[in-house]
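Open the model in your viewer and keep the selection tool ready. Each stop below says what to select next and what is there.

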Amino acid sequence: MNAPTRDWIGPVDRSALTRTVRGLWDDDILPSLSELVAVPAISPAFDPAWEEHGHLAAAIDHVRGWLAGRDLGATVEVVTLPGRTPLLLVDVPATASTSDTVLMYGHLDKQPPVANWSEGLGPWTPVVRDGRLYGRGSADDGYSGYAAVAAIEAVRAAGGAHARCVVLLETGEESGSPDLPAYLEHLKPRLGEVSLVVCLDSGGNDYDRMWLTTSLRGLTQVTLTVRVLDSGMHSGMASGIVPSSFRVARQLLDRLEDSATGEVLVREMHVDIPENRVAEVRDAVGSAPGVLVSSVPWAGSTGPMAEDEVELALNAGWRPTLSVTGADGLPTPDDAGNVLRPFTTLVLSFRLPPTADSKAALDAVVAKLTTDVPYGATVELSRVEHADGWNAPELAPWLRETLDVVGKEVFDAPWRTVALGGSIPFMGLLHEAYPEAQFLVTGAVGPDSNCHVPDEWLNLAHAARITEGVAHVLDAHAKR
């Protein structure tokens with residue numbers, strides 16, 4: 001039976017809430033989530049034929065089938081705009097006399113499988129081992145829809161209450177959420193007054209507490225091609241006459257980054273870091289000392305860019321960085337003849353501070369790469385994109401107090417914040433659309449969960465605790 005809407009709301013039964021969450025994870029969520037891992041729902045940027053392959057639709061159908069067995073009185077709908085990836089919308093009626101909406105976000109698309117998974121593991125082969133569910137999309141972010149619905153069910157089973165909850169699961173997040181603005185505009189009349197956003201596509205520095213993401217970096221990406229010849233030439237004949245495309249590219253990179261320190265030299269990418277965020281970083285580092293360094297699979301004697309962990313955390317959350325994430329025009333060593341190559345292509349991926357203007361940063365990069373190019377070499381820029389970051393609003397007293405309770409009652413450890421180095425474009429869009437809303441951006445991902453790389457895994461016990469924490473927040477939100 002659906003819980004009735006009521007004006008008076010009593011205290012939530014914490015023991016019942018815990019039992020419900022754990023039972024749902026063990027009996028209902030894990031079997032279905034394991035089957036979802038087996039669906040190769042690769043994000044559209046990595047699978048241009050996604051519509052023909054049908055895996056994104058299969059992922060949505062699978063979760064929709066699981067939802068059909070839930071007794072929430074919910075409306076479950078697949079929303080599809082022409083030419084765009086599908087979206088699953090779950091509209092759960094309120095059990096409290098409130099007119100506002102809680103928007104709960106996650107995504108069902110996945111990163112590419114990549115090679116070199118450990119023996120017995122694979123991207124589309126769900127394996128439960130030592131309390132971990134292995135497989136692509138287990139942690140990023142297939143569990144999120146299950147956790148959101150389980151939190152709602154747990155609130156009801158424990159005698160608590162919640163406002164109307166809309167669970168939105170997209171299928172393009174790993175491609176930068178290009179379709180989400182259109183869906184947000186399309187659905188805005190139906191969403192109503194969103195007063196709380198819950199995002200479960202995040203995580204923190206350990207599995208001992210709830211981590212609240214308070215900022216996300218933006219991004220600017222450019223694929224740079226430096227072309228010096230129409231075709232390759234014998235290096236013994238051409239070198240010394242024709243400039244190396246790699247050397248020209250290296251000179252252009254020197255305009256963007258100090259190769260000795262890693263400092264990005266593009267002024268438009270730097271911001272003043274807010275004092276409250278610096279203080280949060282100090283608290284986070286103090287609560288989980290050493291984790292930023294110990295969770296990295298260092299090669300040989302390689303060490304971090306700084307000894308001070310606070311500086312490392314600020315580097316990863318509030319300072320711009322450049323990574324060369326791809327290349328072309330460079331043959332493998334076995335195929336490398338004595339040829340002066342005609343071109344070099346490099347994919348330049350900048351992570352930007354949360355409050356930086358990504359468009360201004362992109363314009364500055366384009367200017368530095370195309371102005372006064374050495375030797376007049378041809379520069380081609382492609383796959384250009386940019387997205388702003390996000391800096392969370394200050395926590396309302398009710399939410400801060402609830403997180404304190406969750407830290408004590410659920411985790412036996414105080415909650416902490418993290419300045420996440422990645423991007424979740426939806427957060428910026430939602431903050432702009434609902435500037436008065438509170439944001440709970442959290443999740444079950446830890447520093448060694450291997451998202452985007454081989455051996456991705458979900459800590460099942462931590463995911464259940466996060467679910468329980470979200471349930472407490474939903475109940476407190478309805479009673480605020």
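Select Arg319. Its relative accessible area is 26%, so Arg319 is partly exposed (buried means under 20% relative accessible area, exposed over 50%, partly exposed in between, with a 1.4 Å probe and protein chains only). The side chains of Glu311 and Arg319 meet in a salt bridge, 3.0 Å from N to O (a side-chain nitrogen of Lys or Arg within 4 Å of a carboxyl oxygen of Asp or Glu). Glu311 is partly exposed too, at 30% relative accessibility.

A note before moving on. This is a predicted model: local features need pLDDT of at least 70, side-chain atom pairs count only at pLDDT 80 or more, and totals for chains, interfaces and linings use all residues. Residues are numbered from 1 along each chain as its sequence is written, and side-chain values use heavy atoms, with hydrogens and water left out.

**Stop: helix H10**

Select residues 309–318, which form helix H10. Helices (H or I, at least four residues) and strands (E, at least two) are DSSP runs, numbered from the N terminus. Seven of the ten residues of H10 are buried, so the helix is largely enclosed by the rest of the structure. Which residues of H10 are buried? They are Glu309, Val310, Leu312, Ala313, Leu314, Gly317 and Trp318.

Next, show what covers them. The cover includes helix H8 (275–287), helix H9 (291–294) and strands S8 (211–216), S15 (390–391) and S16 (416–420). Then click Asp308. Asp308 caps the N-terminal end of H10, with a side-chain oxygen 2.9 Å from the backbone nitrogen of Val310.

**Stop: two links across the chain**

Select Glu380 and Arg227. Their side chains meet in a salt bridge at 3.1 Å, N to O. This pair links distant parts of the chain: Glu380 sits in strand S14 (residues 378–387) and Arg227 in strand S9 (residues 218–227), 153 residues apart. Glu380 is partly exposed, with a relative accessible area of 33%. Arg227 counts as partly exposed at 29%.

Now select Arg190 and Glu77. Here the salt bridge is 2.7 Å, N to O. Arg190 belongs to helix H5 (residues 180–191) and Glu77 to strand S1 (residues 75–79), so to speak distant parts of the chain, 113 residues apart. Arg190 has 38% relative accessibility and counts as partly exposed. Glu77, at 27%, counts as partly exposed as well. The structure holds 16 salt bridges.

**Stop: Lys110**

Select Lys110, in the loop between strand S3 (101–107) and strand S4 (127–129). Lys110 is buried yet has no salt bridge. How far away is the nearest side chain of opposite charge? That side chain, Glu456, is 8.0 Å away. The side chain of Lys110 does reach the backbone oxygen of Arg136, at 3.2 Å. Residues that Lys110 touches (heavy atoms within 4.5 Å) include Leu36, Ile42, Trp124 and Glu174.

**Stop: an annotated region**

Select residues 215–372. The unreviewed UniProt entry annotates them as "domain: Peptidase M20 dimerisation"; such annotations may be inferred rather than shown by experiment.

**Last stop: the whole chain**

Zoom out. The secondary structure comes to 14 helices and 18 strands. The C-alpha trace spans about 85 × 50 × 45 Å along its principal axes. Of the 480 residues, 53% count as buried.

How values were computed. Lys and Arg count as positive and Asp and Glu as negative; His and the chain ends are not counted. A polar contact is a pair of N or O atoms within 3.5 Å; within protein, one must be able to donate a hydrogen and the other to accept it, and residues adjacent in sequence count only if both atoms are side-chain atoms. Lists of a residue's contacts leave out its neighbours within four places in sequence.
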